[in-house]
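Visitor: I have this one open on my screen and would like to go through it with you. Could we begin with the ligand?

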Amino acid sequence: MSVRQYNHWINGAEYVPASAQYLERTSPAHGELLAKFAAGTAADVDAAVKIASDLHKSGAWSSVPGSERGKILNAFADLIVRDADRLALIEAEEVGKPITYAKGEVLWSAELTRYAASLAWNIQGEAYTHAGEDKLGLVTREARGVVGMIVPWNFPMVCLFQKLPYALAAGCPVVIKPSELTSGTALEIARLAAEAGLPAGVLNVVTGTGSQVGERLTRHPEVSTVSFTGSTRVGKQIAASAATDLTRVALELGGKAANVVFADADLDAALDGVLFGVILNQGEECVAGTRLLIEESVADEFVAKLVERAKKVVIGLPLDEKVQIGALIHGQHLESVLNYIEIAKQEGAKLVYGGERITANGLDKGFFVGPTIFTEVKPEHRIFREEIFGPVLSVTTFQTTEQAIALANDTEYGLGNGLWTKDVDKAIQVSRKLQSGTVFVNTFLETLPQLPFGGFKQSGYGRENGVDSLNEYLEVKSTFIKLGQRAPVLPNTVA
Ligand code: NAD
């Protein structure tokens with residue numbers, strides 16, 4: 001297999017790193033070398049930010065009509081679809097995720113780009129026209145400036161595309177720092193953006209580690225906004241360092257979603273939703289439904305059927321189209337997931353399925369764990385509270401709706417939750433009380449580009465997708481216009 005080698009992408013061209021060093025990415029599924037990414041340093045970040053900042057000051061992108069920006073974004077989406085197979089292959093190889101899901105991720109990224117293109121046509125302001133004959137008030141929205149985007153490894157494309165097309169639609173130049181483990185698709189789409197007609201310097205990619213590239217990007221005085229997706233631990237560090245310059249920050253952080261299943265639900269659909277919610281992306285998913293809260297009267301039967309379905313999940317090499325669970329991202333993460341499984345046993349939870357590393361059938365060189373189910377999990381258990389980022393489900397029972405809501409909200413996170421019931425009143429009443437940025441009703445992990453995505457509590461702040469995403473990259477300006485004969489302004493009329 002040929003190894004992909006990448007430089008940074010700055011000002012519409014490859015950019016050799018100042019360090020002349022490259023980071024190697026080996027396959028989490030079979031250990032072979034896949035790619036080499038430029039090992040960026042502060043000097044590379046400074047070069048990229050200077051290009052983006054000069055471009056913003058010149059107005060070369062922000063003054064392009066929104067309709068033209070929208071057309072370029074649509075052309076960009078077309079090219080992503082054209083190259084979807086190649087992008088999906090890179091994503092599957094570098095992350096270790098199944099190729100069919102990787103393809104879905106690529107196509108969803110194109111869909112988000114088309115939605116953002118439609119927003120570019122519609123950036124609006126307000127006019128206050130009834131304030132008196134001699135007064136006019138305008139509210140306008142301007143591109144905020146250079147946006148630094150820091151992205152994790154689990155969904156390299158979707159996490160990026162919940163930010164990138166919206167910032168471009170708003171007229172902002174960007175500097176992207178992908179995860180050092182999965183930088184390939186960010187560099188590939190940079191070329192596609194150029195092919196679509198995006199002017200050089202609007203989209204720049206600097207690869208490397210968080211401590212070198214990420215830290216410089218968050219502290220750079222000419223970066224107006226940092227949009228970060230990743231762990232709550234690093235998100236807090238970024239918020240603290242960005243505070244020095246009052247850089248605006250949007251944080252998409254960790255989660256511990258619950259799937260609340262009531263006895264009156266379509267239990268067959270709920271079984272699929274619960275299983276899918278915990279195995280998607282090997283459980284390396286910020287909205288993974290890792291806590292099943294099930295009404296006691298149906299709990300035993302539901303769990304027995306869930307175990308039967310879990311047995312049918314296909315675990316294997318990412319490029320096999322039948323596979324539903326691929327490899328975890330690296331060996332250290334595998335150890336962390338296995339350690340949580342041990343902790344759960346020690347704390348008294350009952351392992352009813354899975355719980356081991358899988359090495360049979362040619363998987364011995366990779367980091368594989370299959371669906372794992374624990375019952376008798378109590379809120380004080382660590383697997384109930386902490387983000388494991390693996391396909392590990394904890395099952396807890398409830399008797400009343402109030403208990404279900406209290407259990408679902410008994411977490412420091414608040415990214416997403418699911419609930420299953422055929423009772424419409426109950427669905428609405430419970431969803432109103434769930435403390436999370438997203439609630440899925442009678443489905444899980446399905447959404448629309450129009451729906452904002454983001455967290456309550458320690459899952460972060462700021463929103464992606466929807467019109468709210470565009471607004472993250474726009475600055476609001478009020479203009480008061482005095483019309484006709486000029487009246488004197490008293491010294492105390494302006495604060
Ligand atoms: P991470 O926080 O370790 O890293 C995320 C990114 O930040 C990487 O690009 C990394 O290089 C960079 N980084 C690390 N330290 C940095 C620093 N000090 N300054 C600046 N940048 C730094 O997260 P990860 O392990 O890559 O991803 C997993 C985490 O991401 C999980 O907690 C998951 O829940 C979260 N996540 C959240 C969402 C969401 O939308 N809320 C989506 C996907 C993943």
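Guide: In this predicted model, a nitrogen atom of the ligand is 3.3 Å from an N or O atom in the side chain of Gln237.

Visitor: How much of the ligand's accessible area does the protein cover?

Guide: On its own the ligand has 850 Å² of accessible area, and the protein covers 89% of it.

Visitor: And what about Glu180 and Glu215, how far are their side chains from ligand atoms?

Guide: For Glu180, an N or O atom of the side chain is 2.7 Å from an oxygen atom of the ligand, while for Glu215 the corresponding distance, from a side-chain N or O atom to a nitrogen atom of the ligand, is 3.4 Å.

Visitor: How many residues surround the ligand, and which are closest?

Guide: The ligand is surrounded by 28 residues, and the closest are Val151, Glu180, Ser231, Leu253 and Glu387. By residue class, the shell divides into 14 nonpolar, 9 polar and 5 charged residues.

Visitor: Which domains does that shell draw on?

Guide: Domain 1 (4-253 + 459-478) and domain 2 (258-441) each contribute at least three residues to the shell around the ligand. In terms of secondary structure, at least two shell residues come from each of helix 8 (210-219), strand 11 (225-229) and helix 9 (232-243).

Visitor: Switching topic, how many helices and strands are there in the protein?

Guide: The protein has 16 helices and 21 strands.

Visitor: OK, strand 7 then. Which strands is it joined to?

Guide: Strand 7 (residues 135-143) is joined by 3 bridges to strand 6 (residues 126-128), the two running antiparallel, and by 9 bridges to strand 21 (residues 474-482), again in an antiparallel arrangement. As for individual positions, Ala127 stands opposite Leu138 in strand 7, and Lys135 stands opposite Lys482 in strand 21.

Visitor: What lies between strand 6 and strand 7?

Guide: The two strands form a hairpin with 6 residues between them, and in the turn Gly132 has a positive phi of about 125°.

Visitor: There's also an open sheet of 3 strands; what's its order?

Guide: The order is 1-5-4, and the pairing is mixed. Its edge strands are strand 1 (4-5) and strand 4 (22-26), each of which pairs on one side only. Strand 1 runs parallel to strand 5 (residues 33-38) and is joined to it by 2 bridges, with Lys36 in strand 5 as the bridge partner of Gln5.

Visitor: Last one: what about the radius of gyration and the overall span?

Guide: The radius of gyration is 24 Å, which agrees with a compact globule, because for 495 residues such a globule would have a value near 23 Å. The C-alpha trace spans about 80 × 55 × 40 Å along the principal axes of the protein.

Note on methods. Residues are numbered from 1 along each chain as its sequence is written. This is a predicted model: local features need pLDDT of at least 70, side-chain atom pairs count only at pLDDT 80 or more; totals for chains, interfaces and linings use all residues. Side-chain values use heavy atoms; hydrogens and water are left out. Two strands pair if DSSP finds at least two bridges between them. Helices (H or I, at least four residues) and strands (E, at least two) are DSSP runs, numbered from the N terminus. A residue is near a molecule or strand if one of its heavy atoms lies within 4 Å of it. A polar contact is a pair of N or O atoms within 3.5 Å; within protein, one must be able to donate a hydrogen and the other to accept it, and residues adjacent in sequence count only if both atoms are side-chain atoms. Accessible areas come from the Shrake-Rupley method with a 1.4 Å probe; for residues, only the protein chains shown count as cover. Ala, Val, Leu, Ile, Met, Phe, Trp, Tyr, Cys and Pro count as nonpolar, Asp, Glu, Lys and Arg as charged, and the others, Gly among them, as polar. Domain bounds come from an automatic or database domain assignment. The radius of gyration is taken over C-alpha atoms; the globule rule is 2.2 Å times the number of residues to the power 0.38.
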